[in-house]
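Here are my notes on this model, as numbered points. Please read them with the structure open.

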Amino acid sequence: MKLDNLARVDLNLLVILQVLLEEQSVTRAARRLHLTQSALSKNLTRLRDMLGDPLFQRTARGLKPTAHALQIAQRLPGMLESLYDLTQPPGFTPASSERQFSFAMVESAYETLIPQFIGPLLKAAPNIRLNSYVWTENSMQDLVLGQLDFAIAGRDLHPQSGFSVEHLPEGIEHETLFTDKQVCLVREGHEAIQAITAGYWDLDYYLSLSHVQVRCEGNEWWALDYHLAKSNQRRHLSATVPDFYGAASICAHSELIFTLPSSFARHACKLYPLVQLPLPLDFIPLAYVLLWHSRNNSDPGHQWLKQTILDKVDQVIGSPIAPPEGGVST
């Protein structure tokens with residue numbers, strides 16, 4: 001496409017040409033376009049110069065299109081319709097849309113959140129495609145660059161957290177989906193269960209155990225570890241693995257203890273012979289947040305997808321998720 005040549009074309013003349021082709025009368029075309037006949041005749045002269053063809057011949061019955069004009073008449077309406085569509089606000093019809101949306105999500109939220117909105121999304125929009133990725137240390141930048149439409153991330157809610165409204169990259173917006181707390185998992189028959197019963201389940205006992213940890217965003221330490229470090233305390237991390245399911249499996253087949261969000265702990269207990277224990281210290285809650293870029297705020301497709309996720313998650317979660325205050329849960 002030679003844009004330099006196109007820039008010299010007066011698109012208004014193409015509208016005038018379309019009306020002339022439809023009316024085949026200068027008088028009727030001028031009336032329809034709210035122009036004088038003299039002004040319309042001048043525009044017709046410009047059209048002839050621009051297209052290098054007479055375009056019309058005057059007859060007793062009005063204007064008769066030339067062969068060139070008839071060829072143009074086959075294509076011009078569609079081209080003008082496309083130009084008109086470009087001037088209209090974007091639209092989105094879920095039932096017929098074939099758009100693709102991509103999002104990244106922290107693994108600990110998959111079991112809790114995806115089942116709540118994936119079905120309703122695809123039922124309302126059966127032809128859309130959802131591309132899901134695991135949240136990594138690069139996901140925020142992918143969101144900024146437009147390589148992701150949405151993300152669901154989990155962050156500890158403490159004043160020193162690197163994840164807050166003030167620290168989000170420019171243009172990134174968020175809404176909290178729900179909050180959660182940390183709990184512990186051990187295998188059935190683990191000695192820590194007896195500690196609960198006997199009343200000596202406390203921070204010292206917790207720190208005396210060996211732990212399995214999930215590596216999140218490339219980090220082996222979680223906010224809990226930084227919190228403990230302020231008091232010169234430290235968990236003994238015997239194993240660090242890349243995913244929650246792997247950590248749960250290791251926990252179920254070893255003496256290692258696994259500290260994790262309570263929402264995922266409930267799913268892990270359905271898969272493995274595990275027992276849930278309360279975290280033996282007061283610690284900040286965890287927030288799961290939906291992230292997106294403000295560049296998409298006026299996009300009806302993004303608005304629909306975002307609102308569907310928020311509505312469906314809210315229906316299921318309802319109120320913040322909290323682990324048992326004490327005791328054992330399987």
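1. Start at Ser-254. A polar atom of the Ser-254 side chain lies 2.7 Å from the backbone oxygen of Ile-250. The side chain of Ser-254 also reaches the backbone nitrogen of Leu-256, at 3.1 Å. A polar contact here is a pair of N or O atoms within 3.5 Å; within protein, one must be able to donate a hydrogen and the other to accept it, and residues adjacent in sequence count only if both atoms are side-chain atoms. Ser-254 lies in the loop between H11 and S10. Ser-254 and Val-186 are 68 residues apart in sequence, yet 8.5 Å apart in space, C-alpha to C-alpha.

2. Ground rules. This is a predicted model, where local features need pLDDT of at least 70, side-chain atom pairs count only at pLDDT 80 or more, and totals for chains, interfaces and linings use all residues. Residues are numbered from 1 along each chain as its sequence is written, and side-chain values use heavy atoms, with hydrogens and water left out. Helices (H or I, at least four residues) and strands (E, at least two) are DSSP runs, numbered from the N terminus.

3. Helix H11. H11 spans residues 244-252, and its residues Phe-244, Ala-247, Ala-248, Cys-251 and Ala-252 are buried. Buried means under 20% relative accessible area, exposed over 50%, partly exposed in between (1.4 Å probe, protein chains only). Seen down the axis of H11, the buried residues fall within an arc of 135 degrees, so they line one face of the helix. The arc is that of the directions from the helix axis to the C-beta atoms. At the start of H11, a side-chain oxygen of Asp-243 comes to within 3.3 Å of the backbone nitrogen of Tyr-245.

4. Cysteines. Cys-251 is buried at 0% relative accessible area. Cys-269 also counts as buried, at 15% relative accessibility.

5. The five-stranded sheet. The order is S9-S8-S10-S7-S11, in an open sheet with mixed pairing. Two strands pair if DSSP finds at least two bridges between them. Strand S9 (236-241) and strand S11 (274-278) are the edges, each pairing on one side only. Neighbouring strands of this sheet are turned by 35 degrees against each other on average, direction ignored. Helix H12 (residues 262-271) packs on the sheet and touches S7, S10 and S11. The direction of H12 makes about 125 degrees with that of S10. Axes are lines fitted to C-alpha atoms, for helices over the stretch in contact, and angles run from 0 to 180 degrees between N-to-C directions.

6. Pairings within that sheet. S7 (residues 182-187) and S10 (residues 257-261) run antiparallel, joined by four bridges. Cys-184 stands opposite Thr-259 in S10. S8 and S9 run parallel, with five bridges between them. Val-214 has Val-241 in S9 as its bridge partner. Four of the five residues of S8 (residues 210-214) are buried, so this strand is largely enclosed by the rest of the structure.

7. Thr-259. This residue counts as buried, at 0% relative accessibility. A polar contact of 2.6 Å joins the side chains of Thr-259 and Tyr-206. Beyond its neighbours within four places in sequence, Thr-259 is in contact (heavy atoms within 4.5 Å) with residues including Gln-182, Cys-184, His-211, Trp-222, Arg-235 and Leu-279.

8. Helix H3. The buried residues of H3 (residues 26-33) are Val-26, Ala-29 and Ala-30. Down the axis of H3, these fall within an arc of 100 degrees, so they line one face of the helix. Their cover includes helix H2 (11-23), helix H4 (37-51), strand S1 (56-59) and strand S2 (62-65). At the start of H3, a side-chain oxygen of Ser-25 reaches to within 3.4 Å of the backbone nitrogen of Thr-27. Just after H3, His-34 takes a positive phi of about 60 degrees.

9. Strands S3 and S4. Five of the six residues of S3 (residues 100-105) are buried, so S3 is largely enclosed by the rest of the structure. S3 pairs with S4 (residues 129-134) in the parallel sense, over six bridges. Leu-130 in S4 is the bridge partner of Phe-101.
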